[in-house]
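Subject: Structure handover

Hi,

Here is the structure I promised to pass on. Please open it and keep it beside you while you read the notes below.

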Amino acid sequence: MSKALDVLGAAGWGELSPRGLLQPGSGAWTLDWWVGASDRWYRASQEAAVRQSEVGAAAVSETRMKVPDGDAVQRVWAVAARRGPAVAVVEVGNDAATAFGVALVVTAPGAVLSAGKNGLSVGKEPALAWDRPPAGVAFGADAVEALLEVAVGGHTVSAGKGRDVAAAVWPLPHTARLAVSASLGRGAIPPPADLPDADAVARGWRAHLDRGARIEVPDDRLAGRIERNRRRWLGSTGRMEAADVAELCELSVRLDHHGFHDDAELVLEEIAARWTTDAPAERLRAFTVHHDLTGDEQAAARFAEAVAEAVEAAARTGAEVAVAPVERLLATASANRAAQDFRRLDLRPAAPASEGLRAELVDDGGDDLLLAPGFRPAWKGGSLAVYGLPTRFGPVSYAVRWHGPRPALLWELDSRPGLVPVAICAPALDRDWSSGQPTGEALLAASRSLP
């Protein structure tokens, strides 16, 4: 299954297959990588001995292909080119003991491909840019096959029937690396030497992810999934035009739940700008979750009209609505008339939405703040920690540590100004314990609900 290449701050996106086949979001062309070893050409999209993993903050995909005497290694990452489209950097390295040739093969059905000193174009749009010209370039399926039959040598350009397939070939000595830039949007693209390398991109994504809440769970697989999902949600903000309103609403909620409020607000602005009657309940949930978790008065006022439109659509369709959160938002926005109209409609209240992992970490739907309400039995004895997780009472941080069979809870609630003090409980760990203090630590009773 292909996965999206995540990028922030630029238009355009792409997908990478489990074997390293790159396709821009437009679907107009694909980029495959082949390796010419001592015995034959190895085509990554067709070989069995290909494996893929993620590097760093999971922003870099590494695909390894077995060849004689070692591996050929492809690494792909996406960046925002200055004043241009999103760009993927495709790097192929030689981790084998002997030299081999690398062919980058572009297939663009129905298009005309052309190559120059600095790159390759699909029609009139730049597709690839490189720092050093290839040793050979061929156009047309038959010429590509012919070029790959000969040893990589002096610069050649050949043409066969059709111009919708092209191969560019480079020799690659032991330990050497080759990189090209691949456009994920429209416009000029810089060569790879002018773009951040894989380590810089991984550090950048780490910084972006650290803007949100931090969650540490005693389960490595779950921790990896949390990290991938958070990166995917942030990367999706650059692909909003391809999503429908319901998908945007879910994206906004996920971002807010994990503390990426500025990014969620961008998504809400996109939702508000769309003239639609679709998904009124989902739209109301997105706007109210943002309000409950931020208390942002300016945002509440700015989105009040969009909320009123969604309320009207919900009334026409009979959709169930989270009544109390809508009333809180309209009150903050001082939208008194809209609030009166909303109460007169007497809409059906919606059942609490399932919040996934967040429902296991915190419950702020009632009068009390519940910590670790869905604590998993498998986590017993391990360290659980949450830092800056948004709640409607304010961001909360807490940790669960163990003293034999008894859990120790440390917590800190950064209470939002103007809200009454809230009781803090941890019923899954000790159903009889609670505290009215925003900060503290307690050694809880051994839980009867955990084996």
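Helices (H or I, at least four residues) and strands (E, at least two) are DSSP runs, numbered from the N terminus. On that count, the protein has 10 helices and 26 strands. This is a predicted model, in which local features need pLDDT of at least 70 and side-chain atom pairs count only at pLDDT 80 or more, while totals for chains, interfaces and linings use all residues. Residues are numbered from 1 along each chain as its sequence is written, and side-chain values use heavy atoms, with hydrogens and water left out.

**Overall picture**

Along the principal axes, the C-alpha atoms fill a box of roughly 75 × 55 × 35 Å. The protein has 451 residues, and 49% of them are buried. Buried means under 20% relative accessible area; exposed means over 50%, and partly exposed is in between (1.4 Å probe, protein chains only). Now the contacts, meaning heavy atoms within 4.5 Å. Take those with a separation of 6 or more: residues 24 or more positions apart account for 61% of them.

**Helix pairs**

Axes here are lines fitted to C-alpha atoms, for helices over the stretch in contact, and angles run from 0 to 180 degrees between N-to-C directions. Angles under 35 degrees count as roughly parallel, over 145 as roughly antiparallel, 65 to 115 as roughly perpendicular and the rest as oblique.

Start with helix 5 (residues 261-273) and helix 6 (residues 280-294). They pack at about 150°, and their axes are 11 Å apart. Helix 5 is therefore roughly antiparallel to helix 6. Helix 5 passes helix 6 in a left-handed crossing. A crossing is left-handed if the near helix is turned anticlockwise from the far one by less than a right angle, and right-handed if clockwise. From helix 5, the residues that meet helix 6 are His261, Ala264, Glu265, Leu268, Ile271 and Ala272; their partners in helix 6 are Arg283, Ala286, Phe287, His290, Leu293 and Thr294. By class, this contact of helix 5 with helix 6 has 7 nonpolar, 3 polar and 2 charged residues. Ala, Val, Leu, Ile, Met, Phe, Trp, Tyr, Cys and Pro count as nonpolar, Asp, Glu, Lys and Arg as charged, and the others, Gly among them, as polar.

Next, helix 2 (residues 198-209) and helix 3 (residues 220-236). Their packing angle is about 90°, with axes 11 Å apart. That makes helix 2 roughly perpendicular to helix 3. Helix 2 brings Trp205, Arg206, His208 and Leu209 to the contact, and helix 3 brings Glu227, Arg230, Arg231, Leu234 and Gly235. The classes in this contact are 3 nonpolar, 2 polar and 4 charged residues.

Then helix 7 (residues 297-317) and helix 8 (residues 323-332). Their axes come within 8 Å and cross at roughly 125°. Helix 7 and helix 8 are therefore oblique to each other. Their crossing is left-handed. Glu297, Ala300, Val307 and Val311 of helix 7 touch the helix 8 side, made of Val326, Leu329, Leu330 and Thr332.

**Helix 4**

The expected span of a helix is 1.5 Å times one less than its number of residues. Helix 4 (residues 245-257) has 13 residues and should span 18 Å; its end C-alpha atoms are 18 Å apart, which agrees. Its buried residues are Val245, Leu248, Cys249, Leu251, Ser252, Val253, Leu255, Asp256 and His257. These pack against helix 3, helix 5, helix 6, helix 10 (357-361) and strand 21 (384-389).

- Glu91 lies in strand 9 (residues 86-96). Glu91 is buried, with a relative accessible area of 14%. Leaving out residues up to four places away in sequence, Glu91 touches Val73, Gln74, Arg75, Trp77, Arg177, Leu178 and Ala179.
- Ala81 sits in the loop between strand 8 (70-80) and strand 9. Ala81 counts as buried, at 6% relative accessibility. Its C-alpha atom is 9.0 Å from that of Asp194, 113 residues apart along the chain.
- Ala279 lies in the loop between helix 5 and helix 6. Phi of Ala279 is near 50°, a positive value in a residue other than glycine. Most residues other than glycine have a negative phi.

Best wishes
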